[in-house]
Amino acid sequence: MEIRQREVSFPRPVLFLMERLAAGGHEGWAVGGCVRDSLLGRVPHDWDLCTDALPDQMRECFAGLSVIETGLAHGTLTVLVDRVPYEVTTYRVDGAYTDHRRPDGVRFVGRLEEDLARRDFTINAMAARPGRLEDPFGGRQDLAAGRVRCVGEAKLRFEEDGLRILRAMRFAASLNFEVEEATAAAMEQTAPLLEYISRERVFAELCRLLTGPGAAPVLERFPDLLQWVLPEIGPCRGFATFHPTHCRDVWGHTLEALGKSEPDLAVRWALLLHDLAKPGCFVRDEEGVGHCPGHGELGALQAGQILDRLRAPHKLRDQVVFLVRYHDASLPLTEKGIRAWLRKAGEENLRRLLEVKRCDLAAHRPLEPIRRAREDCGRFEALLEQVLAQPPLWNMKDLAISGRELMELGMKPGPDMGRLLQELFDQVEEGTLPNEGQALRRAAADRLNKKKNPDAP
Ligand code: ATP
Ligand code: MG
């Protein structure tokens, strides 16, 4: 893959901090993700700097600025410029990693290159300042080749910190890169170290991985690694479903569906988990055709357990559980049914459900039942738009006619009025009456006339 690389263009506050450091006789470099993203022509979401200044010296350089000292033990100061935080860190190397996650301590060093050598991947181990790029490990070349490669001996780097295994997968997915061979082999060898990573970190990395444009190919390349943190995918791998509309095993189908989806977090999680329960629900009929009755329900239960285990936020967990539960259910195809689902799930989740279904169906052989299900999705979407184009109708208060207006038409307050309002509400919900004052008044007047004159046509 040929990627056109750009020059790094530094925001003014970054130049300002570099000038402050220079005024104190020190070097300052932009480093890591911001350099990588700039060279890719992306806008970095934050800028980190590194410097030979020791923490006390940094404090002197930044006198008069707003400084937060949260990471001082590791040599990091956060400086606020125009209320935006910039992390500035003294060149350092990491001590021993006895827990395969965090260094026992750090040691400050005098040379930039030593600091770059402790970083995980070559594409993250570049530093820049105006007119200069420091790239001792070939990061620029790896960026151009679309390659994630460890700095130094890959196996040692993963043994130091198992999180890097997930970071490698995450960068490959989010940048749509390949993982270089020796790095990939070392990831497989050190996979058991994934046990040392906290569930919160696993979840955070998986979220970034899943929403990347290269999520499906990365998961296809490293299913064993995913299985360390998500053992539930194990039974799906290689599981044949003996169904004419299925082209591949459950795991292959999962990846195909995922690969077709928009990069929405809940949609991607749902597609990853949607068929997990298939192996557990599998039965074959007299003709030998496979079915998985109830896999949506059971899968929803499993998805909830997995996301709770990974400490996912409750809102996301609930969204994913909803999507997995109904991914295989038939959609309501009446305005009334759609309103009921809208009340239950909300517009965003219904749109997500459509996306999950669209991708799930697109990963099937397009035989008749699949074609019909696709048509139903189209009809559901059209009806949904129709319902949403009308003023919302959540409860009686939203009805475009009130009790007082009925009184103006000559009706007395009481149970009859309640019944008439309910009747009108039901008709609007069913789509046989528009939720418009004039139409409702006319319908109410007709109803009242009929009551007075039961024989009238
Ligand atoms: P992003 O912010 O988009 O996730 P980033 O590259 O800035 O990407 P950070 O986690 O913010 O990633 O880390 C900043 C830099 O610190 C990285 O670019 C890398 O050089 C280094 N780094 C971060 N985590 C590790 C790690 N676990 N092992 C080695 N180096 C790391
Ligand atoms: Mg960063």
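A: Let's begin with pairing: two strands pair if DSSP finds at least two bridges between them. Strands themselves are DSSP runs of E with at least two residues, helices are runs of H or I with at least four, and both are numbered from the N terminus. Please keep in mind that this is a predicted model, where local features need pLDDT of at least 70 and side-chain atom pairs count only at pLDDT 80 or more, while totals for chains, interfaces and linings use all residues; side-chain values use heavy atoms, leaving out hydrogens and water. Residues are numbered from 1 along each chain as its sequence is written, with chains lettered from A and ligands numbered from 1 in the order in which they are written.

Q: How do you know that β3 and β4 are paired?
A: Four bridges join β3 to β4, and the rule asks for at least two, so the two strands count as paired. They run antiparallel, and Ser66 stands opposite Leu80 in β4. The two strands form a hairpin with four residues between them, and Gly75 in that turn has a positive phi of about 85°.

Q: What links β4 to β5?
A: Six bridges join β4 to β5 (residues 84–90), and these strands also run antiparallel. Leu77 has Val88 as its bridge partner in β5. This hairpin has two residues between the strands, and Asp82 takes a positive phi near 50°.

Q: Why is β4 described as largely enclosed?
A: Buried means under 20% relative accessible area, exposed means over 50%, and partly exposed lies in between (1.4 Å probe, protein chains only). Five of the six residues of β4 (residues 76–81) are buried, so the rest of the structure largely encloses this strand.

Q: Which strands are paired with β1?
A: β1 (residues 28–31) is joined to β2 (residues 48–51) by four bridges, in antiparallel fashion. Val31 stands opposite Asp48 in β2, and Ala30 has Leu49 as its bridge partner there. With β8 (residues 127–129), β1 pairs in the antiparallel sense over two bridges, and Ala30 stands opposite Ala128 in that strand. Gly28 and Ala30 point one way from β1, Trp29 and Val31 point the other way, and all are buried.

Q: What makes β3 and β9 edge strands?
A: The open sheet has seven strands with mixed pairing, in the order β3-β4-β5-β2-β1-β8-β9. β3 (66–71) and β9 (132–134) each have a single partner strand, so one side of each is left without a neighbour in the sheet. On average, neighbouring strands are turned by 30° against each other, direction ignored.

Q: Why is α17 called roughly perpendicular to α18?
A: Axes are lines fitted to C-alpha atoms, for helices over the stretch in contact, and angles between N-to-C directions run from 0 to 180 degrees. Here the axes come within 7 Å and cross at roughly 110°. Angles of 65 to 115 degrees count as roughly perpendicular, under 35 as roughly parallel, over 145 as roughly antiparallel and the rest as oblique. That makes α17 roughly perpendicular to α18.

Q: Which residues of α17 and α18 meet?
A: Ile338, Trp341, Leu342 and Ala345 in α17 meet Glu347, Asn349, Leu350 and Leu353 in α18, where contact means heavy atoms within 4.5 Å.

Q: What about the span of α21?
A: α21 (residues 415–430) has 16 residues and reaches 22 Å from first to last C-alpha, close to the 22 Å expected. Just after α21, Gly431 takes a positive phi of about 90°.

Q: Are Thr254 and Ala373 buried or partly exposed?
A: Thr254, found in α12, has a relative accessible area of 3%, so Thr254 is buried. Ala373 lies in α19 and has a relative accessible area of 26%, so Ala373 is partly exposed.

Conventions: The expected span of a helix is 1.5 Å times one less than its number of residues.
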